[in-house]
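User: I would like to go through this model term by term and see what each label rests on. Could you take my questions in turn?

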Amino acid sequence: MKNKLIALCLVPFLMAIQCEEDEVLCSVEFTNNYNVNVENISETYASGEPVWFNGEVSSELENSCNDNQPAVVFDTTLFTTGFFVLKLTNEFVNLNAELVQDYDVTYSEGEELNPNYCAEFVYFTPELSEDNLTYSYRVGISVNAPGDYCVVAAFRNDFDNLQQDNNDQIFEPYNSLDDDIKFESCNNTYTRNGTNGHYFFSVN
């Protein structure tokens, strides 16, 4: 009888643990990338001239705790995104690009993010629109040294819908790795395949 009473007393406690576990398992899923646009598209820019990128994405994410129905999320950190800024080069073996060190970033919409781990790219959080429907950013990247460059998505950015020319002919003299763009960052080698989904430009 005593054992049965103990078991009955434990039932609410076990149910509470189960509820807590279920709550932990709930998650939201980022299903869409930012639609990226280049405002002042050009094949060549002056030293220090900003290239303006803007992006927008829905503020709704699928919620696993709500039958994967979309729900507006008010946490900007879940919508962080970024770009690698690369200089094209033929100076290395098995690499044809390197991270740019000499550039400036201007945030017209959005805010710089400084993580506590190695992140050698333009990393930022967006802004939520007044109607809460979208997150967006407007970022200007200014390269200061002459050369040929490429901006590629670090994550959650999609140049594939770019309506203008992405200047992919600039990549032709550096296309020595079967259409791959390869570079190193934080002691890792990254590969971007093909020229679609990136933006190329020269600085004089």
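**Labels and their grounds**

Analyst: N96 counts as buried because its relative accessibility is 0%, and buried means under 20% relative accessible area, exposed over 50% and partly exposed in between (1.4 Å probe, protein chains only). This is a predicted model, in which local features need pLDDT of at least 70 and side-chain atom pairs count only at pLDDT 80 or more, while totals for chains, interfaces and linings use all residues. Residues are numbered from 1 along each chain as its sequence is written, and side-chain values use heavy atoms, with hydrogens and water left out.

User: Where is N96 found, and what is N96 in contact with?

Analyst: N96 is found in the loop between β7 (81-88) and β8 (97-99); strands here are DSSP runs of E with at least two residues, and helices are runs of H or I with at least four, numbered from the N terminus. Contact means heavy atoms within 4.5 Å, and, leaving aside neighbours within four places in sequence, the contacts of N96 include F171, Y174, D180 and K182.

User: Which backbone atoms of D180 and K182 lie 2.9 Å from a polar atom of the side chain of N96?

Analyst: They are the backbone oxygen of D180 and the backbone nitrogen of K182. A polar contact is a pair of N or O atoms within 3.5 Å; within protein, one must be able to donate a hydrogen and the other to accept it, and residues adjacent in sequence count only if both atoms are side-chain atoms.

User: What makes F84 and F121 an aromatic pair, and what is its geometry?

Analyst: Rings of Phe, Tyr and Trp (its six-membered ring) pair if their centres lie within 6.5 Å, and planes under 30 degrees apart count as stacked, over 60 as edge-to-face and the rest as tilted. By this rule the count comes to 19 aromatic pairs. For F84 and F121 the centres are 5.3 Å apart and the planes 65 degrees apart, and the pair is edge-to-face. F84 lies in strand β7 and F121 in the loop between β10 (111-112) and β11 (122-125), so the pair ties together parts that are 37 residues apart in sequence.

User: Why is the pair of F171 and F200 called tilted?

Analyst: The planes of F171 and F200 are 35 degrees apart, with 5.8 Å centre to centre, and the pair is therefore tilted. F171 lies in the loop between β15 and β16 (180-185) and F200 in strand β18 (residues 198-203), so this pair ties together parts that are 29 residues apart in sequence. F171 counts as buried because its relative accessibility is 2%, and F200 counts as buried at 0%.

User: How do you know that R138 forms a salt bridge with E39?

Analyst: A salt bridge is a side-chain nitrogen of Lys or Arg within 4 Å of a carboxyl oxygen of Asp or Glu, and the closest N and O atoms of R138 and E39 are 2.8 Å apart. The pair links distant parts of the chain, with R138 in strand β13 (residues 134-143) and E39 in the loop between β2 and β3 (44-45), 99 residues apart. A search of the whole structure finds one salt bridge.

User: Why do R138 and E39 count as partly exposed?

Analyst: R138 counts as partly exposed because its relative accessibility is 24%, and E39 is partly exposed because its relative accessible area is 35%.
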